Amino acid sequence: LCIATCSAAASCRSKHFVKNARSGTIKVSPQSSSLWCSWLLRGAPGKRVLLQFKSFNLKSRNSRVEIRENGVHGPIIASFSAGRKLPPTVVSCRRSMFVRLRSPSPVKSSF
């Protein structure tokens, strides 16, 4: 189940909202221009959100994936920058998780 796709051509500075999906995949297409995408993942009442990376490749030291608890203004619970090492699984304490990918310079990044 693909719940969201982000690419430079279709979704630059885009925001995606995913509600009550039992599971799914966020796809980010490798690209060559700047990319700013965000996802608000919201589970059913009483459930938590689990984010597990299947691949990770941020080549620019200015690129970053930031994960916040309970929405865009919530506390940062994880942050990952350049590299290919898979980040650990991140689990929210509440039913919402905000994920933001920032790749401000022309790079080829994916996760």
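Okay, let's start with S96, which sits in strand β9, residues 96–103. Strands here are DSSP E runs of at least two residues, numbered from the N terminus.

Before going on: this is a predicted model, where local features need pLDDT of at least 70 and side-chain atom pairs count only at pLDDT 80 or more, while totals for chains, interfaces and linings use all residues. Residues are numbered from 1 along each chain as its sequence is written, and side-chain values use heavy atoms, with hydrogens and water left out.

Back to S96. Is it buried or exposed? Buried, with a relative accessible area of 3%; buried means under 20%, with a 1.4 Å probe and protein chains only. The S96 side chain also makes a polar contact with the side chain of R42, at 3.0 Å. That term means a pair of N or O atoms within 3.5 Å, one able to donate a hydrogen and the other to accept it. Setting aside neighbours within four places in sequence, S96 is in contact (heavy atoms within 4.5 Å) with residues including L40, V49, R68, E69 and N70.

N70 brings us to the next bit. Strands β6 (residues 64–69) and β7 (residues 76–81) run antiparallel, joined by five bridges; pairing takes at least two DSSP bridges. I67 has A78 as its bridge partner in β7. The two strands form a hairpin with six residues between them, and N70 in the turn has a positive phi of about 60°.

Last one: R100, also in β9. R100 is buried too, at 17% relative accessible area. Beyond neighbours within four places in sequence, R100 is in contact with C37, S38, R64, V65, E66 and V72.

Methods. Helix = DSSP H or I, 4+ residues; strand = E, 2+ residues; numbered from the N terminus. Buried < 20%, exposed > 50% of the residue type's maximum accessible area, 1.4 Å probe, protein only.
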